[in-house]
Amino acid sequence: MPFSMTDVGFDRQGTPLLDGIDADVGQGRLTVVTGPSGAGKSTLLRLLNRLAEPARGRLAFQGRPLHEFDVLTLRRRVVLVAQHPVLLTDSVAAELRVGRPGLGRDDAGLLDRVGLPEELLSRTTAGLSGGQSQRLCLARALALQPEVLLLDEPTSALDGAAAQVMLDLARTLTAAGTSVVAVSHDRRWVRAADSVLVLDRGRLAEHGPPQTLDYLPEEP
Amino acid sequence: MTAAPSWGAVALCTVFVALAVALAHARRLALTRELVWAAARAALQLAAVGAVLGVVFAVAGVPGSLAWVGAMVVLAGQVAGYRGRGLHRARLVAAGSTATLTLLLAIGVIAPVPRAIVPLGGMVVSGAMQAATLSLRQVRAAIDEARPAIEARLCLGLSARQAFAPHTRAAARTALIPAIDAAKVVGLISLPGAMTGLILAGVAPLTAVRYQIIVMYMLLGTTTVTAVLTTYLAQFTAFDAAHRLRPAQAPEE
């Protein structure tokens with residue numbers, strides 16, 4: 001069980017953003033976190049790689065309290081891809097090496113997995129579209145071969161076809177044993193999930209397989 | 001031969017202030033009171049400083065001079081820290097950085113006499129303060145504007161130092177540019193203050209130049225040490241032990 005949350009809460013400047021979260025994230029499963037805007041979905045992802053620290057409750061990774069892990073090692077095992085893509089270098093090839101310089105790699109394979117052509121390897125990052133940037137950020141994360149991939153609105157900058165590539169990739173990753181936790185308002189992701197957490201105003205409103213839920217996001 | 005102006009000559013110079021006030025009044029710049037106040041305040045402040053320095057030179061000796069410079073360091077640290085407020089412990093960072101000039105004073109370039117320690121120390125403190133101020137402003141701006149990029153690096157398992165390195169380098173470079181530019185054009189655009197003062201006091205130009213070169217080199221060294229140390233220390237205050245950027249604090253007014 002990659003993650004187990006027991007009565008987890010998080011405050012910002014004294015105001016609870018998350019409270020009483022009891023949930024598990026299954027190994028090799030696609031877990032989708034959904035709910036209205038401002039429900040605390042992105043904050044929940046940030047708790048899982050320790051970009052934020054819970055104010056209450058118990059948060060465990062592989063059965064051990066999260067804070068017992070070396071935080072830098074943890075962030076290589078549990079990689080978060082933010083909603084808004086931020087490219088950190090001048091070239092596509094260099095971008096894939098930010099998190100793991102000096103290691104052997106299959107750059108073309110990484111691009112292919114996120115639906116980007118190999119020709120981009122010789123390009124600079126300056127001319128990339130928003131959707132290409134988002135996919136490159138995902139490829140950069142995959143280069144670390146994470147055990148858990150945290151995706152915040154992975155298809156927000158993508159058109160329908162590219163969004164489907166992302167969903168297919170998530171399913172491929174989970175089939176290979178990688179756990180994926182995605183914040184999404186996209187119904188396709190909610191329907192394709194193994195498990196869904198519905199957050200509402202910082203609390204867990206529903207939790208279970210998609211077919212058991214009352215909540216479904218608006219159609220994209 | 002010195003050509004020191006008498007107090008009568010100083011009084012005569014108020015004609016320039018009167019000219020400025022008259023012009024400001026005629027053009028309705030709404031600065032008449034400000035000009036008078038600034039002129040009066042400058043005269044009073046300088047007279048007070050001159051009187052205190054007279055006492056320091058005559059009575060306090062080297063310990064008193066070092067105490068004077070120490071007070072300037074603390075004050076400069078407060079001013080620089082104020083510019084970086086919103087950063088955790090900014091004042092401490094600034095004070096610690098400006099204190100590095102003590103090292104430069106200790107190497108013995110400055111003659112250990114009050115007449116050298118106070119004015120040269122003041123120039124170095126001032127340069128260090130500007131470097132610390134610029135560094136802290138740049139670090140603050142990086143934290144405010146580059147937070148997504150910094151967090152993107154943290155999310156890839158980079159340490160706080162690695163994630164912040166591009167921004168600390170940029171901040172230090174920006175802080176150093178004024179001192180480097182000043183050194184490049186010194187004497188070409190205008191004669192620097194120390195050299196001007198010495199020449200007016202009757203010192204031979206080549207002797208004045210030696211003082212000025214010492215001042216410029218000290219300023220280059222101090223600003224570099226201050227900028228690098230300030231940005232280096234700032235990364236420890238900007239991140240917590242879990243390699244997380246601390247939450248943004250109240251923005252600068």
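1. The model discussed here is a predicted one.

2. Residues 6–26 of chain B are 90% helix and 0% strand, with 31 Å between the end C-alpha atoms. Residues 214–234 of chain B are 100% helix and 0% strand, and their end C-alpha atoms lie 29 Å apart.

3. Chain A contains an open sheet of six strands with mixed pairing, ordered E6-E7-E8-E3-E9-E10. Strands E6 (78–81) and E10 (203–208) of chain A each have a single partner strand, so one side of each lacks a neighbour in the sheet. On average, neighbouring strands of this sheet are turned by 15 degrees against each other, direction ignored.

4. At the E10(A) edge, strand E9 (residues 195–200) of chain A pairs with E10(A) in the antiparallel sense over five bridges. Within this pairing, His207(A) in E10(A) is the bridge partner of Leu197(A).

5. In chain B, helix H6 (residues 114–145) packs against helix H10 (residues 205–238) at an angle of about 35 degrees, and their axes are 8 Å apart. The crossing of H6(B) and H10(B) is right-handed.

6. Which residues meet where H6(B) contacts H10(B)? Those from H6(B) include Leu120(B), Gly127(B), Ser135(B) and Ile143(B), while those from H10(B) include Val215(B), Thr222(B), Thr230(B) and Ala238(B). The contact residues comprise 15 nonpolar, seven polar and no charged.

Key. Residues are numbered from 1 along each chain as its sequence is written. Chains are lettered from A and ligands numbered from 1 in the order in which they are written. This is a predicted model: local features need pLDDT of at least 70, side-chain atom pairs count only at pLDDT 80 or more; totals for chains, interfaces and linings use all residues. Side-chain values use heavy atoms; hydrogens and water are left out. Helices (H or I, at least four residues) and strands (E, at least two) are DSSP runs, numbered from the N terminus. Two strands pair if DSSP finds at least two bridges between them. Axes are lines fitted to C-alpha atoms, for helices over the stretch in contact, and angles run from 0 to 180 degrees between N-to-C directions. A crossing is left-handed if the near helix is turned anticlockwise from the far one by less than a right angle, and right-handed if clockwise. Contact means heavy atoms within 4.5 Å. Ala, Val, Leu, Ile, Met, Phe, Trp, Tyr, Cys and Pro count as nonpolar, Asp, Glu, Lys and Arg as charged, and the others, Gly among them, as polar.
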